[in-house]
Amino acid sequence: MLKNFTGLPSKEKLDAFKGIDILGAPQFTKETLETVMNTAAYYEEKLIAQERLYDMDGKVMAALFFEPSTRTRLSFETAMLRLGGQVITVAEAAGAQISSASKGETLHDTMVINDGYADVIVCRSPQTGAAQIAADAAKIPVINAGDGAGQHPSQALLDIYTIIKEKGSPDGLTVAMIGDLKYGRTVHSLVDFLAMYKCKVVMASPEILAMPKDIVAKMETKGVKIEYRDNIMDAVKDADVIYMTRVQRERFEDINEYNAVKDMFIMDGEVVKNFKKDAIIMHPLPRINEITIDVDEYPGAAYFRQARNGLPVRMAMLALVCGVVGKGQK
Amino acid sequence: MLKNFTGLPSKEKLDAFKGIDILGAPQFTKETLETVMNTAAYYEEKLIAQERLYDMDGKVMAALFFEPSTRTRLSFETAMLRLGGQVITVAEAAGAQISSASKGETLHDTMVINDGYADVIVCRSPQTGAAQIAADAAKIPVINAGDGAGQHPSQALLDIYTIIKEKGSPDGLTVAMIGDLKYGRTVHSLVDFLAMYKCKVVMASPEILAMPKDIVAKMETKGVKIEYRDNIMDAVKDADVIYMTRVQRERFEDINEYNAVKDMFIMDGEVVKNFKKDAIIMHPLPRINEITIDVDEYPGAAYFRQARNGLPVRMAMLALVCGVVGKGQK
Amino acid sequence: MLKNFTGLPSKEKLDAFKGIDILGAPQFTKETLETVMNTAAYYEEKLIAQERLYDMDGKVMAALFFEPSTRTRLSFETAMLRLGGQVITVAEAAGAQISSASKGETLHDTMVINDGYADVIVCRSPQTGAAQIAADAAKIPVINAGDGAGQHPSQALLDIYTIIKEKGSPDGLTVAMIGDLKYGRTVHSLVDFLAMYKCKVVMASPEILAMPKDIVAKMETKGVKIEYRDNIMDAVKDADVIYMTRVQRERFEDINEYNAVKDMFIMDGEVVKNFKKDAIIMHPLPRINEITIDVDEYPGAAYFRQARNGLPVRMAMLALVCGVVGKGQK
């Protein structure tokens with residue numbers, strides 16, 4: 001069994017997922033989160049053992065990507081194929097008019113129709129709230145693969161899965177969040193999960209990219225200890241997990257303001273030297289220059305492992321909502 | 001067995017389809033039409049029973065969509081996957097240059113080559129007559145999924161399938177066709193099928209969007225009773241089936257003319273009150289505003305069911321031309 | 001067994017391919033080339049016998065096409081599906097920004113991540129050297145499906161496969177290469193393979209599109225006899241194999257120079273009359289006007305057969321690098 005996980009959840013816990021939509025991090029309790037984590041670990045073991053799975057045999061996933069997100073799409077598609085299922089795909093190019101929507105079809109109508117084709121829908125949209133509209137329209141389960149400024153639960157789940165897999169229970173951990181904490185959808189969802197555990201969060205960002213106050217307030221209400229640091233060197237020194245995000249030039253109205261801070265949140269070999277023993281670095285990828293290439297050699301550079309964790313986590317999500325976890329075992 | 005259908009056709013009737021191309025409604029006789037209908041009903045029963053099918057096991061369908069038509073493409077792809085087959089896809093974006101054709105490859109050469117890859121080709125093109133070119137070039141069966149102003153037989157087949165499934169034999173039915181009867185490819189193909197039965201067709205459209213005279217003449221020759229109505233209220237009152245299409249602004253040179261008629265062919269709750277008992281509403285989708293959302297609640301609002309009927313109908317088309325209906329049963 | 005081939009290679013020869021990348025023609029020896037040829041012939045026999053294969057059962061191929069190349073993509077995808085495997089696809093439209101690369105992701109990072117999804121990567125890029133970068137980043141095998149002005153080994157392999165299948169061993173053959181020998185990537189790779197055999201190469205091209213001198217020198221070092229001809233009539237008369245490529249207007253700075261030569265390298269019915277008995281015509285396709293349609297009827301017009309040979313050749317490439325040739329036999 002994979003370290004830090006407790007094995008396949010009980011039938012009761014698995015059955016509780018059957019037919020539900022997965023729309024965002026806030027819908028999870030600690031119990032349902034741990035059901036996903038342990039199911040993901042179950043599938044990761046199967047992947048490692050190179051077992052041929054039939055859990056989704058005969059089933060079809062509709063991947064409806066109304067904006068490009070190649071990595072997320074390929075990860076979901078591979079997850080379905082590795083489960084023994086099949087995939088139909090809409091992959092809109094950037095800036096393309098939305099397929100039938102170019103003829104004016106509403107997302108609601110699109111979903112009612114796809115409902116008749118597939119067993120599960122994975123939906124990506126540039127429009128915040130699109131996943132909820134999709135879920136309301138379709139009788140089959142809908143998984144939100146990102147809806148604008150809204151939620152992206154598979155990313156949040158693979159982030160917390162990575163922390164548990166690499167460091168064990170988040171209880172007692174110090175997690176540093178560095179870079180753009182205002183617009184970074186991934187850190188907002190991650191704190192929803194971290195708030196279920198007793199952990200400390202250290203934040204370091206340019207002032208105008210600070211974590212929004214309502215999220216900070218919510219975290220504090222739930223008992224998360226929060227500390228602020230001015231620079232990356234201070235932020236990493238007592239962290240077990242360092243979650244990097246990119247400081248983008250487009251976020252700044254004043255170029256001088258950007259130039260003043262742009263080099264303050266770069267992870268390089270010098271910063272790594274300041275780490276606590278066994279600290280890990282995470283990043284939702286793609287990275288540009290906020291993590292230098294030399295850091296890739298550091299054993300705690302977990303971001304590629306993190307991306308790959310998307311596969312078992314998405315297998316778990318798909319198999320749970322379709323109620324087929326372990327059903328294909330022969 | 002599904003109501004209104006007569007069970008799997010005889011081996012002889014099934015075999016008659018093996019290897020043929022399905023290019024348009026006009027190629028059908030009443031007998032071959034009913035073979036498709038009953039085969040579709042056979043597959044719909046399998047879908048309802050959630051049977052895992054192997055009829056297309058090991059076979060590959062090439063979906064060559066040289067213009068976007070997401071719904072039709074997904075429906076054909078799902079049909080192939082549900083039959084146990086596999087799919088390769090070309091899905092051109094709107095306005096894109098046609099793949100290899102951007103290097104100047106002709107449709108003929110493209111088809112000769114794809115002939116060597118796949119077991120069946122499903123072809124969509126903006127160019128009228130493209131399906132015939134494809135069929136002439138390829139030795140394997142070609143199914144026309146729409147060629148410009150030409151034919152779109154899978155839509156026509158799912159339309160007549162919906163009528164039979166919802167209302168029984170078209171014999172004796174009154175079918176109202178409302179909206180744009182001039183440019184609407186779907187109503188032109190549907191009348192080819194209706195002309196095989198003893199039914200009455202009621203038409204209501206703006207004058208400049210009336211059914212073309214040659215089609216009307218052909219219908220009358222075949223014994224279809226035709227009546228004209230000025231408005232939607234009159235058109236629906238004795239109809240068993242109401243087939244709606246959209247009146248598009250682009251069709252009018254004079255905006256005043258458009259404004260004068262645009263609200264005359266809208267299906268809303270008031271119009272539904274004028275219906276004969278158990279009348280059904282059909283629409284090829286996507287709809288814009290020609291059917292208001294409140295109508296969706298009416299039990300006879302059949303347009304989403306109609307769209308879903310595309311799946312068993314396309315399964316039947318694919319399995320018939322590949323000669324594999326029922327072949328995968330274990 | 002297919003004529004001109006010697007049956008499935010020994011286990012030792014097959015095993016030598018397991019886990020390797022196939023990046024270009026130069027990496028092959030005569031022995032490894034013949035392993036691919038005989039494995040391709042093995043799979044062609046399976047295709048002819050319509051055997052359902054399971055060699056790739058449970059495996060996933062990532063088709064990463066960062067520029068459009070529909071024919072090559074469909075051929076690789078079909079190859080994987082016919083082997084019983086599954087496919088995930090990125091198919092960028094012409095001129096599109098490269099998927100995640102639009103967010104700045106490097107090819108290296110993309111490959112490290114895809115490495116975690118798939119069992120084999122097939123990569124196409126407009127950038128020369130991209131395949132090497134991909135291969136360095138990914139632990140799983142990478143097959144180059146064309147990288148800019150670089151290599152395109154599956155085309156080169158299907159070309160030599162076609163020659164062997166149609167004419168037997170290249171030893172003693174005269175191969176005429178006609179048209180653009182300067183920019184034509186396919187003829188450059190083909191001569192790498194021809195140089196392994198004792199054959200004569202006859203070249204006819206506009207002066208400014210002559211075979212690059214370094215390639216000619218390399219061929220002569222390896223003992224290939226080379227002759228030059230001024231026109232297509234002379235070039236074909238003693239050839240066993242005539243390999244046509246297109247003379248493109250864009251290659252000429254001076255339109256008068258183009259006009260002077262453009263009709264000199266067209267294959268039509270008159271040229272065919274000058275052929276030696278049983279000579280074959282090859283072309284990488286798509287053709288525009290460099291082979292007239294009437295030539296298609298000539299029995300030695302091998303270009304469509306050549307394109308179809310891509311299927312067994314790509315099946316062999318995929319199965320060899322994944323180490324599964326014959327593994328799925330039941």
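Two strands are taken to pair if DSSP finds at least two bridges between them. In this predicted model, five bridges connect β1(B) with strand β3 of chain B, residues 120-125, and the two strands run parallel. Within this pairing, Ala63(B) stands opposite Val122(B) of β3(B). Strand β1 of chain B, residues 60-65, also pairs in the parallel sense with β2(B), here over six bridges.

As to burial, six of the six residues of β2(B), residues 86-91, are buried, so the strand is largely enclosed by the rest of the structure. Cover is found on both faces of β2(B): Gln86(B), Ile88(B) and Val90(B) are buried on one side, and Val87(B), Thr89(B) and Ala91(B) are buried on the other.

Elsewhere in chain B, Val271(B) is located in helix α11, residues 269-273. Val271(B) has 23 C-beta neighbours inside 10 Å and therefore counts as buried, the threshold for burial being 20 or more. When residues up to four places away in sequence are left out, Val271(B) touches Ile232(B), Met233(B) and Val236(B). Val295(B) lies 24 residues from Val271(B) in sequence, with a C-alpha to C-alpha separation of 9.4 Å.

Chain A likewise contains an open sheet of four strands, with the order β2-β1-β3-β4 and parallel pairing. The edge strands are β2 (86-91) and β4 (142-147) of chain A, each pairing on one side only. From one strand to the next, the twist averages 10°. Strand β3 of chain A, residues 120-125, is joined to β4(A) by four bridges, and the two run parallel. The bridge partner of Cys123(A) in β4(A) is Asn144(A). Helix α5 of chain A, residues 130-137, lies across β3 and β4 of chain A and runs at about 160° to β4(A).

A helix-helix contact in chain A involves α6 (residues 153-167) and α12 (residues 303-321), which pack at an angle of about 115° with their axes 8 Å apart. At this angle, α6(A) and α12(A) are therefore roughly perpendicular to each other. Their crossing is right-handed. From α6(A), the contact is made by Ser154(A), Leu157(A), Leu158(A), Asp159(A), Tyr161(A), Thr162(A) and Lys165(A), and from α12(A) by Arg305(A), Gln306(A), Asn309(A), Gly310(A), Val313(A), Arg314(A) and Met317(A). By class, the residues of this contact comprise five nonpolar, five polar and four charged. In the loop between β9 (280-282) and α12 of chain A lies Tyr298(A). Tyr298(A) counts as partly exposed because it has 17 C-beta neighbours inside 10 Å. Tyr298(A) and Thr32(A) are separated by 266 residues in sequence and by 33 Å in space, C-alpha to C-alpha.

In chain C, helix α12 (residues 303-321) is in contact with helix α3 (residues 70-82); the two axes come within 8 Å and cross at roughly 65°. The crossing of α3(C) with α12(C) is right-handed. On the side of α3(C), the residues are Ser75(C), Phe76(C), Thr78(C), Ala79(C), Met80(C) and Arg82(C), which meet Gly310(C), Leu311(C), Arg314(C), Met315(C) and Leu318(C) of α12(C). Six nonpolar, three polar and two charged residues make up this contact.

Strand β8 of chain C, residues 241-244, is covered on both faces, with Val241(C) and Tyr243(C) buried on one side and Ile242(C) and Met244(C) buried on the other. Strand β5 of chain C, residues 174-178, pairs with β8(C) in the parallel sense over four bridges, and Val241(C) is the partner of Val175(C). Three bridges, again in the parallel sense, pair β8(C) with strand β9 of chain C, residues 280-282. In β9(C), Met282(C) is the bridge partner of Tyr243(C).

How values were computed:
Residues are numbered from 1 along each chain as its sequence is written. Chains are lettered from A and ligands numbered from 1 in the order in which they are written. This is a predicted model: local features need pLDDT of at least 70, side-chain atom pairs count only at pLDDT 80 or more; totals for chains, interfaces and linings use all residues. Axes are lines fitted to C-alpha atoms, for helices over the stretch in contact, and angles run from 0 to 180 degrees between N-to-C directions. Angles under 35 degrees count as roughly parallel, over 145 as roughly antiparallel, 65 to 115 as roughly perpendicular and the rest as oblique. A crossing is left-handed if the near helix is turned anticlockwise from the far one by less than a right angle, and right-handed if clockwise. Two residues are in contact if their C-beta atoms, placed from the backbone, lie within 7 Å. Ala, Val, Leu, Ile, Met, Phe, Trp, Tyr, Cys and Pro count as nonpolar, Asp, Glu, Lys and Arg as charged, and the others, Gly among them, as polar. A residue is buried if 20 or more other C-beta atoms lie within 10 Å of its own, exposed if 12 or fewer, and partly exposed in between; C-beta atoms are placed from the backbone.
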